[in-house]
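Dear colleague,

I am handing over the structure below, and my notes on what was found in it follow directly after.

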Amino acid sequence: MQDFNHFIRQLQVRFEKPLPGRPAHEKMISSNRLLVKAIPNAKTRRSAVLILFYPYEGEIYLPLILRPAYDGVHGGQMAFPGGRMEKGG
């Protein structure tokens, strides 16, 4: 549990710094997607993901989902739980 507490403290310190933004995003996306220079605008879909870290038997885990295989951009991918923001009260 001590390692997990240290991890959480380090995460808190990092969150006090500015987010890395587009340069970090560009490091992670496929080279095909780099061709699209989309900039968020009024039509951009708002979304969110859940990144949950939890300790288990001395290790740090986070849940991921496996998307079903289908003929589309995200078919068969490992992903964080989450998705499109829904209107609600």
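**Aromatic rings**

Tyr54 is partly exposed, with a relative accessible area of 34%, and Tyr61 is likewise partly exposed, at 37% (buried means under 20% relative accessible area, exposed over 50%, and partly exposed in between, with a 1.4 Å probe and protein chains only). This is a predicted model, in which local features need pLDDT of at least 70 and side-chain atom pairs count only at pLDDT 80 or more, while totals for chains, interfaces and linings use all residues. Residues are numbered from 1 along each chain as its sequence is written, and side-chain values use heavy atoms, with hydrogens and water left out.

The structure holds four aromatic pairs (rings of Phe, Tyr and Trp, the last by its six-membered ring, pair if their centres lie within 6.5 Å; planes under 30 degrees apart count as stacked, over 60 as edge-to-face and the rest as tilted). The rings of Tyr54 and Tyr61 have centres 5.9 Å apart and planes at 20°, so this pair is stacked. Ring pairs also join Phe4, Phe7 and Phe53 into a cluster.

**The chain as a whole**

The protein chain has three helices and six strands (DSSP runs, with helices being H or I of at least four residues and strands E of at least two, numbered from the N terminus), and along the sequence they follow the pattern α-α-α-β-β-β-β-β-β. Of the 89 residues in the protein chain, 2% are buried, and the C-alpha atoms fill a box of roughly 45 × 40 × 35 Å, taken along the principal axes.
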